[in-house]
Amino acid sequence: MSKLNIVLFGPPGAGKGTQSAFLIKRYHLVHLSTGDLLRAEIKAESELGTQAKELMDRGELVADHIVIGMIRNKMEAHLDAKGFIFDGFPRTRAQAEALDAMLDVKEEPITAMLALEVPEEELVKRLLSRGATSGRSDDKDEAVIRNRIGEYMAKTAPLKDYFSAQGKYKAIDGVGSIDEITSRLIQAVG
Ligand code: B4P
């Protein structure tokens, strides 16, 4: 049986991390979140974590070679996985091309890119509300949140065309209850 490799796509605060938790259980997938991997490096106070924190605190993207290397290591550590959920990766065209190249070698291509669509004002509201309780420094300041959304619009949103050209892009309404959105995603996986 071919592997299920899902890219969960969407702006910051769209619900990628939230929905990944449900999808990994349902389909027995390995969760690869570059945001979580970077926050683990920051917590460990590694050199990479120190460099990443500076950029993340400003709402900017971390360098492509760093996140691509992290994803490659994690995929190699899970060779027997039934499939992966890529959460927050790829975020640039270079990352998308690197991911395709890694999966081509294994002959296990991306199955679908599921894109959660949420209006900007709802994103800002969700992230500020998480910032009030999570301790995540990039969720506290509205200017940083808007910069993250700006980075998404400039560098990440164009990947919609990249995956559409492969016939893999599926838009999902990301507004509603968490359960409703999970059902929409499951329907889209088919
Ligand atoms: P991420 O950790 O990927 O952060 P995110 O996009 O803000 O989170 P996510 O979208 O998963 O949040 P969720 O919706 O689940 O990245 C953080 C930073 O790391 C980036 O800014 C960048 O600097 C760096 N980075 C990460 N990956 C990178 C890459 N590939 N390349 C370069 N840099 C990279 O949750 C948001 C909130 O909404 C939660 O509080 C949740 O409870 C709430 N929520 C979820 N669903 C909801 C719903 N249906 N209704 C109401 N609230 C909801």
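Visitor: In this predicted model, how far is an oxygen atom of the ligand from a polar backbone atom of Thr18?

Guide: The pair consists of a ligand oxygen atom and a polar backbone atom of Thr18. A polar contact is a pair of N or O atoms within 3.5 Å, so this pair qualifies. The distance is 3.0 Å.

Visitor: What share of the ligand's exposed area does the protein bury?

Guide: The reference is the ligand taken alone, which exposes 1000 Å². Of that area, the protein buries 88%.

Visitor: Which helix supplies the largest share of the shell around the ligand?

Guide: The shell has 30 residues, with Gly15, Lys16, Thr34, Glu60 and Arg148 the closest. Helices α1 (16-27), α2 (34-43), α6 (120-134) and α9 (178-189) each supply at least two of its residues. The largest share is four residues, and it comes from α2.

Visitor: How many charged residues does the shell around the ligand have?

Guide: By class, 12 residues of the shell are nonpolar and nine are polar. The charged residues number nine.

Visitor: Which element gives the most to the lining of the largest pocket?

Guide: Several elements supply at least two lining residues each: β1 (4-9), α1, α2, α6, α7 (142-156) and α9. By class, the lining has 18 nonpolar, 16 polar and 13 charged residues. The top contribution is five residues, from α2.

Visitor: Is the peptide bond from Phe89 to Pro90 cis or trans?

Guide: Most peptide bonds are trans. Pro90 is in the loop between β3 (83-87) and α5 (93-106). For the bond from Phe89 to Pro90, omega is near 0°, and the bond is cis.

Visitor: What is the phi of His28?

Guide: Most residues other than glycine have a negative phi. His28 lies in the loop between α1 and β2 (30-33). Its phi is positive, near 55°.

Key. Residues numbered from 1 in each chain as written. Predicted model: local features only at pLDDT ≥ 70, side-chain atom pairs only at ≥ 80, totals over all residues. Heavy atoms only, no water. Near = heavy atom within 4 Å. Polar contact = N/O pair within 3.5 Å; in protein donor to acceptor, adjacent residues only side chain to side chain. Areas by Shrake-Rupley, 256 points an atom, 1.4 Å probe, with all protein chains shown as cover. Nonpolar A, V, L, I, M, F, W, Y, C, P; charged D, E, K, R; others polar.
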